[in-house]
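Visitor: I would like to go through this model with the definitions beside each value. Could we take the terms one at a time?

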Amino acid sequence: MIPAAGFPNRQGLHFTRASPRPYICGLSLRPPEEYGRGEVNQTNCQEADFAGRSISLLIQPHETAERAGPAVRVEHLSLKYGGQVALDDVSLSVGRGSSFALLGPNGAGKTSLISVLATLRDADKGLVEVAGHDVCRASRQVRLSIGMVFQDPSLDDRLSAEENLDFHGRVYGIPGRLRAEAIDRVLDLVELTGWREAIVRSFSGGMKRRLEIARALMHKPQILFLDEPTVGLDAQTRARIWAYLNRQRRERGLTLLTTTHYIEEVEDADRICIIDKGRIIAEGTPGQLKRELGQSFLHVVAATPADHAALLAAYPDSHAVSPEALAIPAGDEDFVAGFLARFGNRLREMRFEGPTLEGVFLSLTGRVLRDRTDGEREAQRNAGRRAGRR
Amino acid sequence: MSSFLPILRGIHGVWLREIMRATRDKGQLLGGVSRPLIWLLILGVGLNPYFRGEVFGEVRLVLPYSYLQFLFPAVIVLNIMYTSIQFAVSVIWDREFGFLREILVSPMPRWAVLLGKVLGGATAATGHGTLVLILARFADVTLTAPQVAQAIAYMFALSFALTCFGVVLAGKVRSFEGFGVFSNTVILPLYFASSSVFPLDPSLTRTQLVASYPEWLIMLIYANPITYAVDALRGILINFNQFPPHIGFGLVGIGMIGFFLWALRSFGR
Amino acid sequence: MTKGWRRWRKPVIDIGVITLLLVALSHLPPDTSLSERVENGILRLCVPDRNSELIRADDATRPGYELALMQGVARDLDLRLQVVEIANMGRSFNPRDWQIGRGQCDILGGGLADSAANRGFLTLLPNGGRIGLVRLGDSAPPARGAKVGVFMGSAGLNRVQLSSWMRAGGWQPHPLATKADLAVWLRQGGEAIASSLTPLPAGTLSHDLPAAAGESTSLAFGLWRGDVTLTRAIRAALQKEIQHKQFVARAN
């Protein structure tokens with residue numbers, strides 16, 4: 001908890017684009033209705049906490065729920081894949097109408113878990129229920145009640161937006177009249193009505209993502225799985241998509257289950273589940289996790305090399321983030337006040353980073369969450385896609 | 001029974017997508033037209049004089065048909081083979097570019113998805129075969145309406161079997177480039193070793209045949225299922241059979257079921 | 001409806017263009033057999049005997065059945081018909097010994113049977129003529145015990161086989177000696193069996209007899225296999241001639 005008192009004026013701070021992007025915590029509390037992913041870059045961690053809880057109070061168990069109980073129930077799930085353990089005794093429960101995030105690095109088992117939940121893969125051991133149906137025994141019911149937004153694009157980019165949706169509708173067995181209505185509805189939802197007959201190949205990444213989300217919502221699923229949903233999207237598009245999804249949650253009790261290795265994606269989730277090497281290592285609200293496991297840092301750039309040396313000497317447990325910048329572990333508000341008193345006039349740049357989930361992950365596993373090779377992988381995939389096009 | 005209609009709708013959806021893709025793919029259409037033109041207009045016309053009669057009682061092609069007529073059904077089969085087996089590219093495409101997952105998480109059962117896809121591929125291949133029928137006049141093959149209907153039905157069955165075969169191949173090959181090479185090494189040998197471009201004289205006994213062709217080639221031709229597939233289509237189009245036609249029909253029927261089941265095993269893994 | 005059309009418009013146009021292209025290409029001549037004849041202006045018909053019943057080339061007013069057809073065909077194609085007598089034809093069992101080549105003949109006729117052996121060497125165009133036995137009269141065969149006239153003519157067909165077949169069918173043969181007798185018999189409403197090359201009174205219906213009564217084969221013109229364009233042109237003209245002949249026959 002960072003009280004405003006010990007915090008310098010926001011306007012006075014230098015915002016740098018150093019990676020990872022920090023979240024500045026302030027205290028401008030707003031009612032939860034106004035809360036949206038749109039302000040992501042300036043979001044308050046306390047607000048996230050507050051808003052998360054508020055939203056979960058606002059959402060009632062949805063009337064359309066066919067069966068009582070949680071949206072997703074997983075008990076003692078184990079899965080081996082290619083001789084390796086992909087999931088090891090995973091248990092979790094996702095409440096209806098909530099937003100649940102699975103956080104973990106690549107290869108942690110997120111996609112394996114989603115595959116099991118989406119009936120793409122059978123579990124070796126354990127009980128898995130989605131929307132009240134057992135994934136093994138009633139896979140058709142499960143598939144009808146879930147919507148999937150995959151990590152990689154899964155649109156047919158040689159068809160138009162409408163044709164992609166029409167295909168989806170037919171495959172989900174929606175009769176003609178209802179199908180046409182559903183297409184109108186979801187296209188309007190993601191503001192792609194004007195692109196109805198455009199071929200998907202001409203779409204930007206964000207438009208494709210929106211179309212995929214529209215498609216996943218077309219058959220009115222109770223649960224929407226979003227596997228790395230906003231990778232490669234600009235902030236504006238990302239904000240708009242989250243705004244849609246949160247509206248869906250409010251309006252019809254849609255359950256969201258997001259997997260990601262981007263912290264930004266999950267800050268406003270109701271619950272976060274951190275998964276690594278096939279095991280759940282922590283679960284709770286973002287606030288809880290940060291409160292219990294997080295660490296604040298003060299990112300500073302000294303005015304002169306001499307000051308830099310003095311800083312290092314004064315705070316031996318600081319990390320060198322770059323040749324110039326230092327990250328100094330910050331304790332409570334008194335620490336910041338004391339620090340400013342001593343070094344306030346010897347700094348070129350200063351930035352406060354409150355407890356982040358990234359920090360949580362770091363302290364739990366001793367590793368950073370996001371590896372730099374992700375971007376390259378994506379670039380390669382896109383290059384391959386272009387090359388493979390006939 | 002209540003889940004039957006949605007599945008039909010789904011099969012129709014999958015089929016429709018394949019048709020849209022096949023009809024929009026100019027390259028595929030072009031291939032479907034250029035192949036018969038090359039084979040009939042160029043090869044057929046080029047070789048026709050070498051197979052025609054010069055002296056009464058002496059002839060190189062001891063069949064009651066001109067070379068063009070003889071070649072005509074084989075070119076249809078070639079066109080169908082190409083389109084059907086190349087259809088597997090669509091399966092690889094779906095797998096590589098993620099669309100397959102969209103289909104696999106849908107409530108449609110896997111067999112229905114495969115059926116829709118294969119029906120779509122078979123329809124496209126039949127279309128390409130039917131395009132060749134337009135050239136019947138050129139090859140001096142006169143067709144009646146029932147003959148055309150019979151031929152299209154048979155072509156569809158053959159396309160279905162070959163499309164399933166293509167899906168099986170797609171399961172074995174991981175990349176597009178690999179598949180291009182692979183399909184050519186499958187299609188062309190099957191086609192050439194099928195009594196399609198040179199006739200095995202039905203009036204000759206086996207011993208006489210061996211006198212004109214080496215034993216291994218004849219063995220190859222007898223062992224090649226495409227031989228019988230071409231022969232059955234010849235039976236329909238020019239009323240000429242080297243083998244009992246039911247062998248061809250039987251093989252196509254077995255191929256439809258056998259390859260479909262095999263394809264189902266490899267599809268979506 | 002309009003939406004569906006918009007979606008399919010492009011593919012439909014593409015396929016339409018392709019179809020038109022193929023239709024156009026299918027009218028390309030696959031060979032030079034017709035154009036060569038047109039250039040020379042002559043169509044050569046090879047026959048074993050200029051003066052057989054089927055040809056009668058020297059009888060300008062009453063040409064034989066096949067010659068009349070061929071004359072019509074030649075007129076249709078705007079070619080001059082030349083009848084070439086090849087005396088070798090039919091003398092030996094093996095057609096190779098007849099030494100007929102593409103150089104001499106365009107069409108073979110004058111009694112070429114539509115047999116499997118001939119089909120192996122030539123493209124045969126059945127000309128509507130038959131050689132063998134036919135039954136003349138109503139379409140329904142006569143009842144058992146009926147008297148059926150028989151005119152064998154000079155064709156040299158198998159009488160023994162025919163009479164035993166008629167006995168088995170319970171019909172009484174009534175021999176007819178001349179063509180005039182046959183004509184009279186038919187005019188009186190009698191049924192008859194005759195050689196197919198017999199000139200018949202107009203309007204007489206003829207029906208094939210089963211093989212047991214005597215082998216019957218249709219007659220054909222033979223063209224060199226592979227002469228696709230010439231074959232096609234002659235087939236079309238021949239069909240027209242045959243139809244015209246039947247039309248005239250029915251009109252009489």
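Guide: Chain C and chain B bury about 3,400 Å² between them, 66% of it on carbon and sulfur atoms, where buried area is the accessible area (1.4 Å probe) that two parts lose on being put together, summed over both. The model is predicted, with local features needing pLDDT of at least 70 and side-chain atom pairs pLDDT 80 or more, while totals for chains, interfaces and linings use all residues. Residues are numbered from 1 along each chain as its sequence is written, chains are lettered from A and ligands numbered from 1 in the order in which they are written, and side-chain values use heavy atoms, without hydrogens and water.

Visitor: How many residues of chain C are in contact with chain B?

Guide: With contact meaning heavy atoms within 4.5 Å, 38 residues of chain C touch 36 residues of chain B.

Visitor: Why is the meeting of B:Lys26 and C:Asp14 called a salt bridge?

Guide: The term requires a side-chain nitrogen of Lys or Arg within 4 Å of a carboxyl oxygen of Asp or Glu; the N to O distance for B:Lys26 and C:Asp14 is 3.9 Å, so the pair qualifies. Across this interface of chain C and chain B, the rule finds three salt bridges.

Visitor: What makes the span of helix α12 of chain B agree with expectation?

Guide: Helices are DSSP runs (H or I, at least four residues), numbered from the N terminus, and the expected span is 1.5 Å times one less than the number of residues. The 22 residues of α12 (245–266) should therefore span 32 Å, and the end C-alpha atoms lie 31 Å apart, which agrees.

How values were computed. Helix = DSSP H or I, 4+ residues; strand = E, 2+ residues; numbered from the N terminus.
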